Amino acid sequence: MRLILILRNVFRHKLRTLLTVVGLTVAVLAFGLLSTVVEAWYAGAEGASSARLVVRNSISLVFPLPLTYRQKIRQIDGVRAISTANWFGGIYKEPKNFFPQFAVDAASYLDLYPEYVLSEAERKAFLLDRKGAVVGSKLAATYGFRIGDTVTLKGTIFPGQWEFVIRGIYSGRDAKTDVSQMLFHWDYLNETLKARSPRRANTVGVYVVEVSDPARVAEISRAIDAEFRNSYAETLTETEKAFQLGFVSMTEAIVVAIRLVSYLVIFIILAVMANTMAMTVRERTAEYATLKALGFGPAFIMGLIYGEALAIAALGGALGIALTFPLAERFASAMGSLFPVFVVSAQTLWLQAACALAVGLVSALFPARSAARVRIVEGLRSVA
Amino acid sequence: MSAPAASPVVPPAGPLVALRDIVKTYRRGQQVVPVLSGISFDIAAGEFLALMGPSGSGKSTLLNLIAGIDRPDSGRLVVAGEDVGRLGEAELADWRARHIGFIFQFYNLMPVLSALENVELPLLLKDMGRRERRERAELALSMVGLADRMTHAPSELSGGQQQRVAIARALITDPTLIVADEPTGDLDRESADDVLRLMQRLNDEIGKTIVMVTHDSRAAGHAHAIMHLEKGVLSGREELRG
């Protein structure tokens, strides 16, 4: 009977309930989407391996490191493997078509990143073709790249027209893997540079180092940097996660703003729903007084109001959560490769549910208290 | 004060309701407004008593005190052997659920519940299974002549029918005392007569003690006695039948 009362009360003012549910749905949806954007911002760092270090020029990432460092780093105790990567920064047809491109030491790089899943045949084809490239599945889907396609990029950091042949399309080992990159041979870049601008040849952007024991990353980082102290290109070695977070920190203000907006949206709907519940309770004062006269205690009355608020919150929350998936998909597709990883996480879903629950509970707090405190005689008078 | 002769139920010894020196005031800002000034009287079990008086005479306040939904400033009020003034809020709520059946002027039914569910509602406070609750509610509705309106919402019933549902709700827990505040105040004459006849039957046939506030002398004519109030004091008792 209590449940019947709650459910029938929920749909007593259909329009009011509908508008409240719609508001809550939009708020939970917006919260989920904004949280996913924030997570996408940190996706690179989240997907980073604890066993990988990135070695870069200590002055700035803009300045390269000599190729000769490779052997010296490889010989440091605790270093299991090493590879190289250069940010290429090319334009595909138009500047708006942004996606990350890296010139890498292909074989060692693919070994260091087992999360890039590539068939044996594609890997072999890539390694054998100096102008070959592999692209992530999301990138391939965005621009319609297929194996065998020739892709021309206009260099910005490395001027000129650069032609690549797609030899493989890699997929991600898990949802956090960035599948929006293009990898090609550092040798191709280096040899072309030798011909076009020799002073820029034989340098790498960063070294990626795999350590034998993740517990020793701090010690190994110090050892690498010590090796090149007082050289003309001192190094700064940090974990891959710290390296990625360094990029995120450049845009931290945006992330903070997005987070604030997401919580603000929830706060606004909380205020709207609290007002709805307060109106509801005011209108039903005589009913609560009647229930109290019949012998029902404050707990029963508070239960009715909490039940109603939670039912509305559950409805709006569930709809918001359900709609997050298709909306996130459309958003990710509209954003292209801006967010390499754009996945609605379980944490986001839990947070959405928690927000809906909190809205339900908090919005009912004061109305329920005031209903439970209704003086029967005064409450009964409000019927007239 | 004696029990009505028409009642087939033998009343217990002593009054069912005993009021002694009941004083009640209301505060209006800084001003203290006296409502009841030293009221003392008894109501016997099985009695049908009407409280009459002009507006502001304190009759509804007196009824509220007897029903345990308001408290006197001083004085002693014993209902069904319980000193009501000594009960805490939770105990008082429990006491009302066991001893008092309410009939309000505007019926005060839950608009989202059917007639049957409205009647069943007070039984939620009893240790009773769903089927038993249903059966009792159906029986109560049949007693008030609404067996064919059980699934109707209050908004689908006439005023008279709604008041009969309210009477069935008041009866369902077999209370010691039924209090009715202007039960016919919102009804046309025909419906009012139906409701009053029904209340009289409850008193005559099953011995329910009823205290009814009314300003309608026709309605009061159905009672055994009329207690007149004026400016918060009893101005007389008029015996009608029994």
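**Terms put to the test**

Guide: Chain B has an open sheet of four strands in the order 2-1-4-5, with antiparallel pairing. This is a predicted model: local features need pLDDT of at least 70, side-chain atom pairs count only at pLDDT 80 or more, and totals for chains, interfaces and linings use all residues. Residues are numbered from 1 along each chain as its sequence is written, while chains are lettered from A and ligands numbered from 1 in the order in which they are written.

Visitor: Why are strand 2 and strand 5 of chain B called edge strands?

Guide: Strand 2 (31-43) and strand 5 (82-83) of chain B each pair on one side only. Strands are DSSP runs of E, at least two residues, numbered from the N terminus; helices are runs of H or I, at least four.

Visitor: What makes strand 4 and strand 5 of chain B a pair?

Guide: Two strands pair if DSSP finds at least two bridges between them. Strand 4 (residues 74-79) and strand 5 of chain B have two bridges, in the antiparallel sense, so they pair. In strand 5, Asp83(B) is the bridge partner of Val78(B).

Visitor: How does the radius of gyration of chain A stand against that of a compact globule?

Guide: The radius is taken over C-alpha atoms, and the globule rule is 2.2 Å times the number of residues to the power 0.38. For 384 residues the rule gives near 21 Å, but chain A has 29 Å. Its C-alpha atoms fill a box of roughly 95 × 45 × 35 Å along the principal axes.

Visitor: What makes a set of residues a nonpolar core?

Guide: The set holds buried Ala, Val, Leu, Ile, Met, Phe, Trp, Tyr and Cys residues joined through C-beta atoms within 7 Å. Buried means 20 or more other C-beta atoms within 10 Å of the residue's own; exposed means 12 or fewer, partly exposed in between, with C-beta atoms placed from the backbone. The largest core has 123 residues, and Leu24(A), Leu51(B), Val179(B) and Val211(B) have the most contacts inside it. Helix 2 (residues 14-41) of chain A gives the most to this core, with eleven residues.

Visitor: Which residues of chain B does chain A touch, by count?

Guide: Contact means C-beta atoms, placed from the backbone, within 7 Å. By that test 20 residues of chain A are in contact with 21 residues of chain B. Helix 12 gives the most to the chain A side, with six residues.

Technical notes. Contact = placed C-beta atoms within 7 Å.
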